[in-house]
Amino acid sequence: RLGMKQSAQTRCEQLRSDRDYYLDRARTCAALTLPYLIPTNTEPVQGDKTTYPVPWNGIGARGTLNLASRILLALLPPTQQFFRFSLDEGEMAKQGVTAEQKSQFEEALSKIERMVLREIEASNDRTVFHEALLHLIVSGNAMLYITPEGLRCFHLNRYVCSRGPMGNAVEAVICEELPIKLLPKNVQEMLREEDQELKGVLPDNDPIPDPNVKVFTYVQWGDKICKWHQEVNCKIVPGSEGRAPNELSPFLPLRMQIVDGQPYGVSYIESAALADLQTVEALCQAIAEGSLASSKILFLVKPSGVTKAGDLARAANGAFVTGDPNDVMALQVQKSADLAVAMQGKQQIEARLSQAFMLADVRDSERTTAEEVRLQAMQIEQSLGSV
């Protein structure tokens, strides 16, 4: 067992160097789409109030949300039965199942199907799936944890993992930072006993201080059995150990696009849209700053002229001011041609991003037919068939 050799915290530090490369690229993708998904701080902090940068262009955020919503509707359609339990015809023939018994079995399985659908609709599965899809699209990695109370999604900055030659997960370490008051009573007592500064100072009935403590969850997949436990201060938490067959493991480390031999996946943003997003971000910033500079109104007054700048500034609308019109000139940037080139390039890149993000971009004309719209939608769907 890992606790007899090295702690989960030590193993997390060993695997962090491989993870940080993908985490840095995930932050780059998040900064151009949804910055709040991958915060800039390296460690998960409870109640962090980090101010996230706002992109200059919103097509990345709009496209990511649209793509996640479409994939979610494909996985969990709200008005359709997306799975079915069926009986093995060969096994039924071997056991001599009659037609009446088969009908009863199918009716019972149909009831179970409806029960599962009702449970999905009443739980938080859709919300967590949508969160996981956003992280898969932006960072390429996410871990789902299945509990009887519902699902939970761990982000890439909160876990590390390693995989075997076939791509199957071998081990994973999840790091969470929680207030001590949220931990079980036995864990609080264990921390109290370990804290040398509190021994002999606080009475037994005094509450311990409320700092945060890191809780590590170590998961190991064997040949057939998956085992896990939690650790605090390099000690196993009593009652946190568990095991299950690999096919029923509650921990699911997911990847968007698989890279052979690598423990982490590549995001859809990085593979299909990162270059265009970086270009359109620079163009949008240049256009916005250029437009702000062009919209600023300044008047130049000839120093040796008879027109006084103070008289013009104090004059009311429609008033008469003594002066020479040749002494006054409006300052112009005269960069409209350059901004037009940037605007044209931005529109071309946004058209490519709209196709990558499955955003409808119908041709604006009087003769746009419904067949043209359907053909364009079908081409977009086919381009994302692998996803």
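Biologist: How far apart are arginine 16 and glutamate 13 in helix 2?
Modeller: They sit three residues apart in helix 2 (residues 8-32), so about one helical turn separates them. Keep in mind that this is a predicted model.

Biologist: And what do arginine 16 and glutamate 13 form?
Modeller: A salt bridge, with the closest N and O atoms 3.4 Å apart. In general, side chains of opposite charge can pair when their charged atoms come close.

Biologist: Is arginine 16 buried or exposed?
Modeller: Arginine 16 counts as buried because its relative accessibility is 14%, under the 20% cut-off. Glutamate 13, at 45%, is partly exposed.

Biologist: How many salt bridges turn up in the whole structure?
Modeller: The search finds 12. One of them joins glutamate 176 and arginine 152, at 2.5 Å from N to O. That pair links distant parts of the chain, 24 residues apart: glutamate 176 is in strand 4 (residues 169-179) and arginine 152 in strand 2 (residues 150-154). Glutamate 176 is buried at 7%, while arginine 152 is partly exposed at 40%.

Biologist: New topic: which residues of helix 5 are buried?
Modeller: Leu109, Glu113, Leu117 and Ile120. Helix 6 (125-138) is among what covers them.

Notes. Residues numbered from 1 in each chain as written. Predicted model: local features only at pLDDT ≥ 70, side-chain atom pairs only at ≥ 80, totals over all residues. Heavy atoms only, no water. Buried < 20%, exposed > 50% of the residue type's maximum accessible area, 1.4 Å probe, protein only. Helix = DSSP H or I, 4+ residues; strand = E, 2+ residues; numbered from the N terminus. Contact = heavy atoms within 4.5 Å. Salt bridge = Lys/Arg side-chain N within 4 Å of Asp/Glu carboxyl O.
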